[in-house]
Amino acid sequence: MKLSGAEILWECLVREGVEVVFGIPGGANMPIYDAMLKYPVHHVLVRHEQGAAHMADGYARASGKVGVALATSGPGATNLVTGIAAAMMDSSPVVFITGQVAAHLIGGDAFQETDVTGITLPITKHNYLITRADEIARAVREAFYIARTGRPGPVLIDICKNAQIEKTEFVYPEKIELPGYKPPRTAPKKDLIKAAQMIKESKRPLILAGHGLLISRAYREMQELAHRAHIPVAMTLLGIGSMPASDPLNLGMMGMHGEAYCNLAIQNADLLIALGMRFDDRVTGNLKTYAPHAKKIHVEIDPSEVHKNVVVDLPLVGDLKAVLTDLLPYVEEARHDEWFAQINEWRADTDERDIIYWPDDGKLYTAHVIRSIWEATNGQATITTGVGQHQMWAAQYYRFEEPYRFITSGGAGAMGFGVPAALGVWFTDKSRDVWVIDGDGSFQMTQAELATIVQEGASIKIAIMNNHFLGMVRQWQEFFFESRYSATYLSGPDFVKLGEAYGIPARRITKPEEVMDALRFANQTPGPVLLDFWVEQEEAVYPMVPSGADLHNMIRRPKRQQVASAQATS
Amino acid sequence: MQHTLIAIVENKPGVLNRVASLFRRRNFNIESLNVGHTDRKDISRMTIVINSEEADARRVEANLYKLVNVLDVHDVTNQPAVIRDLALIKVKAGIDQRAEIANLASIFRGRIVDVAAESVIVEITGTEDKIESLVELLRPFGILEMVRTGQVAMLRGGYEPVRHTPGAGSNGFHPEEELEVD
Ligand SMILES: Cc1ncc(C[n+]2csc(CCOP(=O)(O)OP(=O)(O)O)c2C)c(N)n1
Ligand SMILES: [Mg+2]
């Protein structure tokens, strides 16, 4: 049967199980949009292509399925770029489909021609420029396969307009032929035995739990390893959820804004078992002084990550689920009570400093708001965030018991991720309780997608931690630039009126006693709700490892008495 | 030190660009990069020479593996390999210098492939050292123009290619048994 290239595209998307796509039409992808009407795929019309990219990304992170975003050529495609880079940095499987000018016009600076495969080369796992209809089916088949296997990542298919229109025989390529693409499976047995031996000999072991555990669905195997050999677990930002927050072995988040006892555990461990994490500078601090006493085992599917930032003693290259499954039979039961006693001592000191245990002093702190959201959602919500202080506080104070509930832009740190990602998450399961914990700055970068949320009738609760600042940058200015606040104050807008303009019920909260009532209002109101929390403007996220500093040299939370006296004198 | 890597790649549009872009993005410095056909129409072969620390050479290798169109990578540094470079050198030469130049060239198993009134072109194939020695000897005559292909390399018969990247090569899985997501 002869089909147009655009029809072939949809035939293939349907076969890949695609149910929803996010995008905006334009001159160079109109045949794709026209053919779409015949297929059982729901299209979400976004207001800016960055939104489409983050939605597809949020969808992918929350479900493990491949997300799909569409854009036209030129500016449509370039608007995707931030979202593609964010998906790349966080290994998220997204297929991007862009329209391109007709093949005979390529290279001639035609209207809305941009070299999109060139631009996205370094921020995609792979990309395709399609000039003929008969190339489409194979490209789509391969793109989905590459996006979701191995170390997942974004794949872009740029389809010339003539290829969308041309008719050709449609043959679905059942078999994938990618001779150069062979993700590793599992580590050699002798290395697994060696790893088990290293674990057995260790007195102060520590698991570093990364995003790979969620991507590979290997978190249960990791938990089993931790419990069997009595090993504490430190999580990266994206590893959050790989172990329940309530598990006594769980030390919480590591790194720049990780808990002090967690970072101290890293610096004092004699064995690090790094699982699906890449020793990013935000988690290691100064590499020269990083984990100086520890032997290191690195389980990682991407060989180029091995020895990249930290030279390790034993790399186990393979899929985490396979490697851990194969490793577990060799791991013996053990106890590390002394090691835990030491960590708990550090932990007590942290707890004493923690703002969350402060009594109500009449001020509205972001940490308290987030803890209240946790209570009001029974700890069961899926949280997306922007980037900044609120993101770090969300990681610290919303206690995640399950994986795939904390969806945040880690590697790229893309402000504006929260609102669109939440809509993507909602499409994975419309009964899901989805909350955005956003910053006033981040929110404004993609707030246009409120219209998309309303148009889709999505029940998403948006809580803006409004400190009237680009707070994280302000904090760095306070700490490292002698409080010279350069271009970080944000004067508005009135988010309540803004919400109402979009038809979203909205409220402003300025006092601690109003918080629970507002959260009840959000829970009881069907559909989207916007809450504008006017939190303390100049709070800082603690602890903090200054960029490039030693991991153990944290700026600690001020002790309570010190804070109290500082307030008394001010 | 110098590292010489062989990359076997699919002969598809843009592959060279992908490799070159990788070097730029990861800040690897390449000394020379040679691309050419193989006995198979669908496969090309690259010889990549980089001047770097051991660790960086490993990173280049691992990153090359990540490219979907790269089929195999191996390292011929310090391996029993035939390594060759070809140079064309246009030398200033009147009638009186031709014989002397031809003589020098022949000592290095080079030869004159073009003669004009005021110049000759010498062709020489060999290792870098050999070519450089001849170039130094020809320099006094006046070198007008020169081009080199960059190194090409091939492991000698009877030796196994050396692959450093863990998990690369034999360990791959087939599409039919792809990872299930539950
Ligand atoms: C797109 C983008 N631009 C700039 C930055 C740099 N940046 C990091 S955090 C931050 C401030 C974020 O402000 P807000 O969203 O209000 O969060 P807060 O820190 O106040 O909680 C900025 C500007 C970024 N991460 N992303
Ligand atoms: Mg802010």
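Visitor: Which residue just after helix 16 of chain A takes a positive phi?
Guide: Asn378(A) does, with a phi of about 55 degrees. Helices here are DSSP runs (H or I, at least four residues) and strands are E runs of at least two, numbered from the N terminus. This is a predicted model, in which local features need pLDDT of at least 70, side-chain atom pairs count only at pLDDT 80 or more, and totals for chains, interfaces and linings use all residues. Residues are numbered from 1 along each chain as its sequence is written, chains are lettered from A and ligands numbered from 1 in the order in which they are written, and side-chain values use heavy atoms, with hydrogens and water left out.

Visitor: And which residues of helix 16 of chain A are buried?
Guide: In helix 16 (residues 366-376), the buried residues include Thr366(A), Val369(A), Ile370(A) and Ile373(A). Buried denotes under 20% relative accessible area, exposed over 50%, and partly exposed in between (1.4 Å probe, protein chains only). Among the elements that cover the buried residues of helix 16 are helix 17, strand 17 (434-439) and strand 18 of chain A.

Visitor: Moving to the metal: what are the protein donors of the magnesium ion?
Guide: Asp440(A) through OD, Asn467(A) through OD1 and Phe469(A) through O, at 2.0 to 2.1 Å from ligand 2. Donors are N, O and S atoms within 2.8 Å of the metal (3.2 Å for Na, K and Ca); water is not among the atoms, so sites may look incomplete. Along the chain, the magnesium donors follow the spacing D-x26-N-x1-F.

Visitor: Where do Asp440(A) and Phe469(A) lie?
Guide: Asp440(A) is in helix 19 (residues 440-445) and Phe469(A) in the loop between strand 18 (460-466) and helix 21 (471-480) of chain A, so the pair ties together parts that are 29 residues apart in sequence. Both Asp440(A) and Phe469(A) are buried.

Visitor: Which residues come nearest to ligand 1?
Guide: Of the 17 residues around ligand 1, Gln389(A), Asp440(A), Gly441(A), Ser442(A) and Gly471(A) come nearest. A residue counts as near if one of its heavy atoms lies within 4 Å of the molecule. Helix 19 of chain A gives the largest share of this shell, four residues. Helix 17 (389-397), helix 19 and helix 21 of chain A each supply at least two.

Visitor: Which backbone atoms approach the oxygen atoms of ligand 1?
Guide: A backbone N or O atom of Gly441(A) lies 2.8 Å from an oxygen atom of ligand 1, and one of Met472(A) also lies 2.8 Å from an oxygen atom of the ligand. Taken alone, ligand 1 exposes 580 Å² (Shrake-Rupley method, 1.4 Å probe), and the protein buries 77% of that.

Visitor: What about helix 21 of chain A; which residues are buried there?
Guide: Gly471(A), Met472(A), Arg474(A), Gln475(A) and Gln477(A) are buried, and their cover includes helix 17 of chain A. Just after helix 21, Glu482(A) takes a positive phi of about 50 degrees.

Visitor: Which peptide bond to Pro493(A) is cis?
Guide: The bond from Gly492(A) is, with omega near 5 degrees. Pro493(A) sits in the loop between helix 21 and helix 22 (495-501) of chain A. Another cis bond joins Tyr542(A) and Pro543(A), with omega about -15 degrees.

Visitor: And chain B: what is its mean pLDDT?
Guide: The mean pLDDT, the predictor's confidence in each residue from 0 to 100, is 89 for chain B, and 91% of its residues reach 70 or more. Over residues 170-182 of chain B the pLDDT is below 50. Where pLDDT is low, the predicted coordinates should not be read in detail.

Note on methods. Contact means heavy atoms within 4.5 Å. A polar contact is a pair of N or O atoms within 3.5 Å; within protein, one must be able to donate a hydrogen and the other to accept it, and residues adjacent in sequence count only if both atoms are side-chain atoms.
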